[in-house]
Amino acid sequence: MRNTVPRRLELFRTMWRIRAFEEEALDAHRAQEIAGPLHVSIGQEAVSAGLCINLETADRLTSNHRGHGHVLAKGADPKRMLAELYGRADGYCGGKGGSMHIADFSVGMLGANGVVAGGIPIAVGAAQGLKLLGEKALVVCIFGDGAVNRGPFLEGFNWAALFRLPVLFVCEDNGVAAFTQTATMTAGPGIVARAQSMGVEGRSVDGNDVVAVDEAVAELVEAIRATGEPRFLHAQTYRLMGHTSTDAAAWRSQEEVQSARQSEPIGRLRALLLEEGCSERDLDGIERAARQEMQEARRFAQAAPWPLPEDAFSDVQDIGAEAWRR
Amino acid sequence: MAQVEADARAVEAASVSFVEAARLAALQEMRRDHRVWVLGEDVARGGLFGQYGGFLDEFGPDRICSTPISESTIMGAGLGAALVGTRPIIEMRIFDFAMCAMDELVNQIAKIRYMFGGQAKPAVVVRMPFGIWRNSAAQHSQMLEAWFAHLPGVIVATPSTPQDEAGLLVSAIRCDDPVIMFEPKLLFTDKAPVADPIEPIPFGEASHLRHGNHLTIVTWSSMVPRCREAAEELQAKGVEADLIDLRTIWPWDRFAVCNSVARTRRLLVVHEAVSAAGFGAEIVAHVTETLGPGALRAVRRLGAPRVPVPFSPAIESEITISRDRIVQVALDVAGKAAA
Ligand SMILES: Cc1ncc(C[n+]2csc(CCOP(=O)(O)OP(=O)(O)O)c2C)c(N)n1
């Protein structure tokens, strides 16, 4: 089932939807239609696509500050995602969260997080809760390479191994944490070794090769479903853009970025699909459809209403919120 | 005479931004004392806001130390380094991430001197850029300075101008107590002259920005410029406000506030943070206790409603305090209906 052209076309389509979503968002940010910081994951689409194609809706996911791709691949509606980036009432969080805090519980997406490593203990607890309820679903937790030096990484991995929880930890390793090369900040024989030292089996994969990601995830997910134990995937990729949309990434060399473009995941899969007999026209059609979908999503977001002033005061808490409104 | 000279120099000095003023202060102190050093994420690259630009070239990576994203260890290691006689500046990048290092700050730094009977000298400066800025949502916008005023063992600085930021940072670096510097992101690009050399500003001395008899407005940090504008508008409406910028909320200048309120008998406290259980409550309580409830003819606190900071510009503006709100509430406190 896995090594088929239709499956690869689906991966191709998912990657294009993510790319088109983020390019549309970047454009909207430049046009000052979106406020605040925006972290895009252009170049990293293979991780989201290869991961989520192996998940069921009931499987849960926690994500980080660079999570548009994760959320979209998990099945969220790009219209409501973009509306959230716009701060509109029809956005997933009614405009309260913005880019860094998108959640869609209806598709198992338990939320992006503005605090580095913040999602790790949450994912572990979600898995513990599912186990308690006797539910078969597993939990996936995506974090960046910068997160591995925070305490919650160590505590969460140890915990998941200790209590034998069905968690797939995924480190989306783009080589940098904000503006710093992670290699200069992370000691020891590597992150897979770290995971293993805490009792979580793991492996590395070329995170720009979506077929390889798909295969690795399938294997790990199968192992988790069979044993109920955690696993770890280390996916090496590259962030083609700066840390935020206002960071021109002048701190790294253009040669580096140019050479990285050669191995970005969408072009790579396209080349493979052409070799396998797909036509240029069909592949271009997938790109075009994705762009159209996201342009429509943008029109939806632009037309969506702003939250009302009183919406600022809703959803704080059930009891005791009224008394101190003003 | 010395004051006049200092003022003349300040006027001559070029205007610099809030961030640049802090950079100059840290630079001056690191040149003066080789034990002063900085640790935090991305600091060797100049810091998130450029507050350490050029430091790497001058001081090298041992004194401007970029760290992993490890907030608890940044905070705890700063303490450890202070215990052996260095004077660390702990950079928290953005205040909200200090939440990841609360144990180190609250259970260790703030208590260690007391618990060990005075043997420990936790001479750290913790720099915390804080507050609302650019629609950054609930995890990047918090103003929880009141928590720290509540915490025995620490000094809490809340400057509002480049000169005050610089002077308080110099004091903080020279001080043997732990000092938490709350730096308002909202004012980071504000410019004003800063004297050279930068003289330390004592903690607990407010600056008296305007003199008036109709009401006392007490404020600090990001709300200072808005209160200034409000006071100007009030003047145009015939209301003279006595305007006090506390500059530090622990210790805070009780005398300046009580003296003023004893005269005006009307008090308004304005802060960007949530009003409920905010530091304004402490000020009102202290003034009432000191002057007696009969001394006050009107009292109000103006702060944010008790909600997290939302992302959407449409509702973020709803919970921020505008100049118009300040004017409106001040008129009320002064006993005049809005014109
Ligand atoms: C606890 C915490 N510390 C610092 C930050 C500021 N910050 C946001 S993203 C980031 C870099 C994270 O690196 P990584 O996880 O590798 O993700 P990347 O942005 O490189 O994709 C930092 C330091 C934060 N959000 N949370």
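## Exercises on salt bridges, contacts and the ligand site

A:E287 counts as partly exposed because its relative accessible area is 22%, between the limits for buried (under 20%) and exposed (over 50%), with a 1.4 Å probe and protein chains only. The model is predicted, so local features need pLDDT of at least 70 and side-chain atom pairs count only at pLDDT 80 or more, while totals for chains, interfaces and linings use all residues. Residues are numbered from 1 along each chain as its sequence is written, chains are lettered from A and ligands numbered from 1 in the order in which they are written, and side-chain values use heavy atoms, with hydrogens and water left out.

### Exercise 1
Determine how A:E287 and A:R291 are paired and where they lie.

**Solution.** 
- Step 1: the two side chains form a salt bridge with an N to O distance of 3.2 Å; the term requires a side-chain nitrogen of Lys or Arg within 4 Å of a carboxyl oxygen of Asp or Glu.
- Step 2: both residues belong to helix α11 (residues 280–303) of chain A and are four residues apart, about one turn of the helix. Helices are DSSP runs (H or I, at least four residues) and strands likewise (E, at least two), numbered from the N terminus.
- Step 3: A:R291 is partly exposed, because its relative accessibility is 27%.

Side chains of opposite charge can pair when their charged atoms come close.

### Exercise 2
Describe the salt bridge of A:E45 with A:R19 and say whether each residue is buried or exposed.

**Solution.** 
- Step 1: the closest N and O atoms of A:E45 and A:R19 are 2.5 Å apart.
- Step 2: this pair links distant parts of the chain, with A:E45 in helix α2 (residues 45–52) of chain A and A:R19 in helix α1 (residues 5–30) of chain A, 26 residues apart.
- Step 3: A:E45 is buried because its relative accessible area is 0%, and A:R19 is buried because its value is 8%.

### Exercise 3
Locate the two ends of the salt bridge between B:K121 and B:D176.

**Solution.** 
- Step 1: the closest N and O atoms of B:K121 and B:D176 are 4.0 Å apart.
- Step 2: the pair links distant parts of the chain, 55 residues apart: B:K121 is in the loop between α6 (112–115) and β5 of chain B, and B:D176 is in the loop between α8 (162–174) and β7 (179–184) of chain B.
- Step 3: B:K121 is partly exposed at 40% relative accessibility; B:D176 is also partly exposed, at 32%.

### Exercise 4
Work out the surroundings of B:N135.

**Solution.** 
- Step 1: B:N135 sits in the loop between β5 (125–130) and α7 (145–149) of chain B.
- Step 2: B:N135 counts as buried because its relative accessible area is 12%.
- Step 3: not counting residues up to four places away in sequence, B:N135 touches A:A35, A:G36 and A:P37 in chain A, and B:F311, B:S312, B:P313 and B:E316 in chain B. Contact means heavy atoms within 4.5 Å.
- Step 4: a polar atom of the B:N135 side chain lies 3.1 Å from the backbone oxygen of B:F311, and the side chains of B:N135 and B:E316 are joined by a polar contact of 3.4 Å. A polar contact is a pair of N or O atoms within 3.5 Å; within protein, one must be able to donate a hydrogen and the other to accept it, and residues adjacent in sequence count only if both atoms are side-chain atoms.

### Exercise 5
Identify the partners of B:S260.

**Solution.** 
- Step 1: B:S260 is placed in helix α10 (residues 254–264) of chain B.
- Step 2: B:S260 is buried, because its relative accessibility is 2%.
- Step 3: neighbours within four places in sequence aside, B:S260 is in contact with B:T216, B:D242 and B:I244.
- Step 4: the side chains of B:S260 and B:T216 make a polar contact of 2.6 Å.

### Exercise 6

**Solution.** 
- Step 1: 22 residues surround the ligand, and the closest are A:H65, A:R66, A:G146, A:V176 and B:E71; a residue is near if one of its heavy atoms lies within 4 Å.
- Step 2: the ligand taken alone exposes 570 Å², of which the protein buries 97%. Accessible areas come from the Shrake-Rupley method with a 1.4 Å probe; for residues, only the protein chains shown count as cover.
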